Amino acid sequence: MIRAMKDRILELVQQYETIILHRHERPDEDAYGSQCGLAAILKASFPKKKIYCVGKEAESLTYLASLDVLPDTAWENALAIVTDTANTERIDDKRYALAATLIKIDHHPNRDPYGDVCWVDTTASSTSELIYEWYLHCQACGLILGKEAAALLYAGIVGDTGRFLYPSTTSKTLRYAGELIDTGFDRTTLHNNMVEEPLNMVKLQGYILEHFEIVGNEVGKVFITKAVREQFQVSAADCSRLVSVLGSIKGIKVWALFSEDEQIRVNLRSKGPTINQIAEKYGGGGHPLASGANVADWETAGLLVEDLVQLMQ
């Protein structure tokens, strides 16, 4: 079944002259890595095809790739591929619906099995890992993996495994990462770009460490209001990137970072207990140990914290 699905994806890629790749809103390294890494493979393998990546660019990830700006007509008779996106609500650029055929490639729980082809593997560490797996399956058919694609997929794997620290990291994940490294891309520069932060973000980390609270039994929380964001000149997306800060604190097993924007963005993480069902309760979702949601106000944020406390009792 999985082999047939991988073969079908290749057949569709070979069939269409225009291929447009999407990923989820508010992207992370795996969203960029899987989307743009797959695009790099396709561009190298099919140089005569029109291959595009779309979506709103994330300023913190522009070191990975630049995205394309297209007219609506580009999707006519095109193949759209959406990577790393669990449900249609989170797809960045809704014009994917204008495409002739749609493919979903993802590693999140498959609550919304959209697409004409839907390949979801929740055992994978990242969607970037799945893209490399697809390349390995199809490379005998002439697919080319260059240094650019390897660097992007490696960045996606590193980002979604928390530098290989999360339980989703398997021996296969490490083997694939090693094979990507062997292509010879500039890993030092990539690592520097992934870990370096501007001064305001470093100061925001200090604010988080000064203002977090431990409530109930091993539940951590931190609230970042609009006023705090303005103080540090950061976006809600910037705040979300710092959710792992509380993970290094002894005595915290599950935690939530709340950042106020038009709504209040919630980033949930866990060192063991399953938390995605709480995210789903508030209209979000994700992995058992890494999830997210949005809530309307601080009162609802407090209710979510109470649910985390109840989970840990």
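Which strands does helix α3 (residues 127-138) lie across? Helix α3 lies across β3, β4 and β5 and runs at about 115° to β4. The views below come from a predicted model, in which local features need pLDDT of at least 70, side-chain atom pairs count only at pLDDT 80 or more, and totals for chains, interfaces and linings use all residues. Residues are numbered from 1 along each chain as its sequence is written, and side-chain values use heavy atoms, with hydrogens and water left out.

**View A. Five strands form an open, parallel sheet in the order β2-β1-β3-β4-β5.** Helices (H or I, at least four residues) and strands (E, at least two) are DSSP runs numbered from the N terminus, and two strands pair if DSSP finds at least two bridges between them. β2 (50-53) and β5 (117-120) are the edge strands; each has a single partner strand, so one side of each lacks a neighbour in the sheet. On average, neighbouring strands are turned by 15° against each other, direction ignored.

**View B. Strand β1 (residues 18-22) pairs with β2 in the parallel sense over four bridges.** Thr 18 has Lys 50 in β2 as its bridge partner. Helix α2 (residues 29-45) packs on the sheet and touches β1, β2, β3 (79-83) and β4 (101-106). The direction of α2 makes about 170° with that of β2. Such angles run from 0 to 180 degrees between N-to-C directions, with axes fitted to C-alpha atoms, for helices over the stretch in contact.

**View C. The largest nonpolar core has 53 residues.** A nonpolar core is a set of buried Ala, Val, Leu, Ile, Met, Phe, Trp, Tyr and Cys residues joined through side-chain atoms within 4.5 Å. Helix α4 (residues 147-160) gives the most to this core, nine residues. Trp 134 is among the residues with the most contacts inside the core. Not counting residues up to four places away in sequence, Trp 134 touches residues including Lys 6, Leu 38 and Trp 119 (contact: heavy atoms within 4.5 Å).

**View D. Phe 185 lies in the loop between α5 (171-181) and α6 (187-195).** Phe 185 counts as buried because its relative accessibility is 10% (buried: under 20% relative accessible area; exposed: over 50%; partly exposed: in between; 1.4 Å probe, protein chains only). Beyond its neighbours within four places in sequence, the contacts of Phe 185 include Lys 147, Tyr 154 and Leu 190.

**View E. The structure holds zero disulfides (pairs of cysteine sulfur atoms within 2.5 Å).** The sulfur of Cys 141 is 5.9 Å from the closest cysteine sulfur, in Cys 138, too far for a bond. Cys 138 is buried, at 1% relative accessible area, whereas Cys 141 is exposed, at 54%.
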